[in-house]
Amino acid sequence: MANGLDDVVAAETVLSDVDGAGGHLTIRGHSLTELAGHWRYGQVVRLLFDGFFDELPGDDELEKAIGNARVEIFERLQPMLAELPALDVYSGMRAGIALLPDGESLADALRLIAAPAVLTPALLRLGRGEKPLTPDARADHANDMLRMLSGTPSPALAKALDTYLVTVCDHGLNASTFATRVVTSTQAGLTSAILAGLGALKGPLHGGAPGPVIEMLDAIEASGDAAAWLRNEIARGERIMGFGHRIYRVRDPRADVLKAVVRRLGTRNESGRRLAFAETVEQAALDVLKVAKPQRSIQTNVEFYTALLLEAAGFPKEAFSNVFAAGRVAGWIAHAREQQATGRLIRPQSRYVGPVPDLVA
Ligand code: COA
């Protein structure tokens, strides 16, 4: 039995396929490269939701509905946010989402799509002693998220964030998606399912990795010797963040998409300098991992360039997992609806290996 359920097929899905040997990601019949940078996040939400909600409108109407949901979330939750005890920005977002109705309608789903995008900038602003900014219902989702953080973004930055949200919208039966499907299979509502996804996403082996990538880059920059720093980490039994994947045995295709996005933000500015440095660290890490773990192909994963992109977009590293959740929530909801349609409780078995009771008469 594999502790990590390796190679176990636990669901049939029409939503996405991760080809770990070939390094391809398919989302509802489209390759990642067809979608990222070409479709807006709102359009991809529609693609994922198609067939899972009866009353689904067209792209433009759905994007307007997401905009209205952002305003509704802000009006509903903003008065309570300042009252939350001093939580980190991820826990604050999760606490806000926990206050939403636990329904199954499209309106419930759109509130959940809107919530991370509204709560993250609001909590970050409150944390810096600033007033949260009201959403603009007519704005593009990614653009509005950045505007609520620090004012109207450049079109290039808004496009970069939009491409990021599309890139991470869904990814097979990863840990957080599996968690949402398990909770949905008990017939709990969408909010419960999303809260389960958020819990699983938080850990550093999953969506919590990009913050530590920044810490690693800073530590390596300070040390001045990437290879020595990386070798020392591995000798201490640590993992190199932003590398390795359960399914991909080749480079994660999302890493290249996001690296190209960061490159487009400029090569001569600060993000260009950071990118050049990150590329040298990436090569050093690949070389060190090849020697240290020759039995396994450990390649760059999505989180390495996520860290650079979100840093360039102005998010502090403690909010990176929030932004990941803002993209992945669409996949979670679609998977929850797909699971619900099976009507079957997910309930695997464990093998008991503990002591047996004395059967004394
Ligand atoms: N750095 C160092 N060693 C790594 C590693 C990494 N990033 N990723 C895997 N390994 C090593 C393990 O230490 C283990 O070595 P061992 O056999 O000598 O004990 C071996 O590879 C297999 O580890 P396992 O946990 O079974 O691999 P996995 O493929 O299931 O792990 C991850 C997948 C994502 C959990 C793992 O690669 C990891 O921890 N990566 C760093 C965190 C990260 O970037 N997460 C985001 C994923 S998108």
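Mentor: Let's start with a working rule: a residue is near a molecule if one of its heavy atoms lies within 4 Å of it. Keep in mind that we're looking at a predicted model.

Trainee: Fine. How many residues surround the ligand, and which are the closest?

Mentor: By that rule, 20 residues surround the ligand, and the closest are Ile 240, Gly 242, Phe 243, Arg 246 and Arg 296.

Trainee: Which polar side-chain atom lies 2.6 Å from an oxygen atom of the ligand?

Mentor: For polar contacts, look for pairs of N or O atoms within 3.5 Å. The 2.6 Å pair uses a polar side-chain atom of Arg 296 and a ligand oxygen. Arg 239 also reaches a ligand oxygen, with a side-chain N or O atom 2.9 Å away. Phe 243 uses its backbone instead: an N or O atom there is 2.8 Å from a nitrogen of the ligand. As for cover, the ligand taken alone exposes 860 Å², and the protein buries 77% of that.

Trainee: And what is the space taken by the ligand?

Mentor: That space is the largest pocket.

Trainee: Let's move to helices. Why is α2 largely enclosed by the rest of the structure?

Mentor: Count the buried residues, meaning those under 20% relative accessible area. Helix α2 covers residues 41–49, and eight of its nine residues are buried, so the rest of the structure largely encloses it. The buried ones are Tyr 41, Gly 42, Gln 43, Val 44, Val 45, Leu 47, Leu 48 and Phe 49. Just after α2 comes Gly 51, with a positive phi of about 90°.

Trainee: Where else do positive phi values turn up, in residues that are not glycine?

Mentor: Here's the general idea: most residues other than glycine have a negative phi. In this model, Asp 7 has a positive phi of about 65°, and Gln 187 has one of about 75°. Asp 7 sits in the segment before β1, while Gln 187 is in the loop between α8 and α9.

Trainee: Is Gln 187 buried or exposed?

Mentor: Gln 187 is exposed, since its relative accessible area is 67%. Asp 7 counts as exposed too, at 80%.

Trainee: You mentioned α8. Which of its residues are buried?

Mentor: In α8 (residues 175–184), they are Ser 176, Thr 177, Ala 179, Thr 180, Arg 181 and Thr 184. Their cover includes α9 and α15. Leaving out sequence neighbours up to four places away, Gln 339 touches Arg 181, Thr 184, Ser 185, Arg 344 and Ile 346. With a relative accessible area of 6%, Gln 339 is buried.

Trainee: One more: what does Thr 167 touch?

Mentor: Thr 167 is found in helix α7 (residues 155–167). With sequence neighbours up to four places away set aside, its contacts are Leu 25, Leu 32, Ala 36, Arg 254, Val 257 and Leu 258. Thr 167 counts as buried because its relative accessibility is 0%.

Trainee: And what lies 2.6 Å from a polar atom of the Thr 167 side chain?

Mentor: First, the general point: an α-helix has 3.6 residues a turn, so residues three or four places apart point the same way. Here, the backbone oxygen of Thr 163 lies 2.6 Å from that side-chain atom of Thr 167.

Methods. Residues numbered from 1 in each chain as written. Predicted model: local features only at pLDDT ≥ 70, side-chain atom pairs only at ≥ 80, totals over all residues. Heavy atoms only, no water. Buried < 20%, exposed > 50% of the residue type's maximum accessible area, 1.4 Å probe, protein only. Contact = heavy atoms within 4.5 Å. Polar contact = N/O pair within 3.5 Å; in protein donor to acceptor, adjacent residues only side chain to side chain. Areas by Shrake-Rupley, 256 points an atom, 1.4 Å probe, with all protein chains shown as cover. 1 Å grid on protein atoms, 1.4 Å probe; cavity = no way out; pocket = protein on both sides within 12 Å on 5 of 7 lines; lining within 4 Å. Sits in = over half its atoms within 2 Å of the grid points. Helix = DSSP H or I, 4+ residues; strand = E, 2+ residues; numbered from the N terminus.
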